[in-house]
Amino acid sequence: MNTDSSMDFKYLIQDFSWYYIGARMTYDEMVDLEDMPGRFRTAVFRYMEDETDMDKTLAEHLLTMDRGSRSAMIYERLRALFTILPNPEKGRMKQEIIKAEDFFDDEQLRQSLFPREISEVRFKKKNLMFLRV
């Protein structure tokens with residue numbers, strides 16, 4: 001039995017209009033998933049692979065990427081939303097969902113977060129469809 005709690009945040013789920021990706025998944029794990037949308041996989045290889053290690057988790061990458069990077073541009077064009085878990089020690093009593101552009105603009109927030117506090121990245125299928133890769 002695997003007791004690694006990070007497995008709780010390694011998933012790709014889709015519904016009628018959204019993709020939900022667990023933020024503790026590495027880029028290598030993501031692109032190897034059979035259900036991963038091809039357009040997103042292409043964006044990872046074309047834009048993100050040169051900017052980060054593929055064995056880095058999405059959460060780690062989100063906290064370390066530069067505001068002007070191509071990776072940040074992809075998440076902003078997808079109009080991605082990031083789910084931040086509650087942390088009473090930091091005064092965050094409930095889960096927050098933050099838009100990519102607000103997340104990258106708020107350097108203080110990004111510096112105060114630990115990778116384990118970011119649980120999910122989500123974006124609309126429609127936004128992925130219009131992403132130029």
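This is a predicted model: local features need pLDDT of at least 70, side-chain atom pairs count only at pLDDT 80 or more; totals for chains, interfaces and linings use all residues.
The protein chain holds 7 helices and 5 strands, and, read along the sequence, these follow the pattern β-β-α-α-α-α-β-β-α-α-β-α.

**Overall dimensions and contacts**
- The radius of gyration of the protein chain is 14 Å, which agrees with the value near 14 Å that a compact globule of 133 residues would have.
- Along its principal axes, the C-alpha trace of the protein chain spans about 40 × 40 × 30 Å.
- Among contacts in the protein chain with a separation of 6 or more, 60% are accounted for by residues 24 or more positions apart.

**Burial and surface**
- Of the 133 residues in the protein chain, 47% count as buried.
- The protein chain exposes about 7,700 Å², and carbon and sulfur atoms supply 47% of that area.

**Aromatic rings**
- The count of aromatic pairs comes to 8, and one of them is the edge-to-face pair of F103 and F104, with 5.5 Å from centre to centre and 75 degrees between the planes.
- F103 counts as buried because its relative accessibility is 0%, and F104 counts as buried because its relative accessibility is 2%, where the cut-off for buried is under 20%.
- F103 and F104 also belong to one aromatic cluster, which they form together with Y19, F40, Y75, F82 and F123.

**Charges over rings**
- The charged end of K125 sits over the ring of Y19, at 5.3 Å from the ring centre, and Y19 is itself one of the residues in the aromatic cluster.
- The charged end of R116 sits over the ring of F114, at 4.7 Å from the ring centre.

Definitions and conventions:
Residues are numbered from 1 along each chain as its sequence is written. Side-chain values use heavy atoms; hydrogens and water are left out. Rings of Phe, Tyr and Trp (its six-membered ring) pair if their centres lie within 6.5 Å; planes under 30 degrees apart count as stacked, over 60 as edge-to-face and the rest as tilted. Buried means under 20% relative accessible area, exposed over 50%, partly exposed in between (1.4 Å probe, protein chains only). A charge sits over a ring if NZ of Lys or CZ of Arg is within 6 Å of the ring centre and within 35 degrees of the ring normal. Helices (H or I, at least four residues) and strands (E, at least two) are DSSP runs, numbered from the N terminus. The radius of gyration is taken over C-alpha atoms; the globule rule is 2.2 Å times the number of residues to the power 0.38. Contact means heavy atoms within 4.5 Å. Accessible areas come from the Shrake-Rupley method with a 1.4 Å probe; for residues, only the protein chains shown count as cover.
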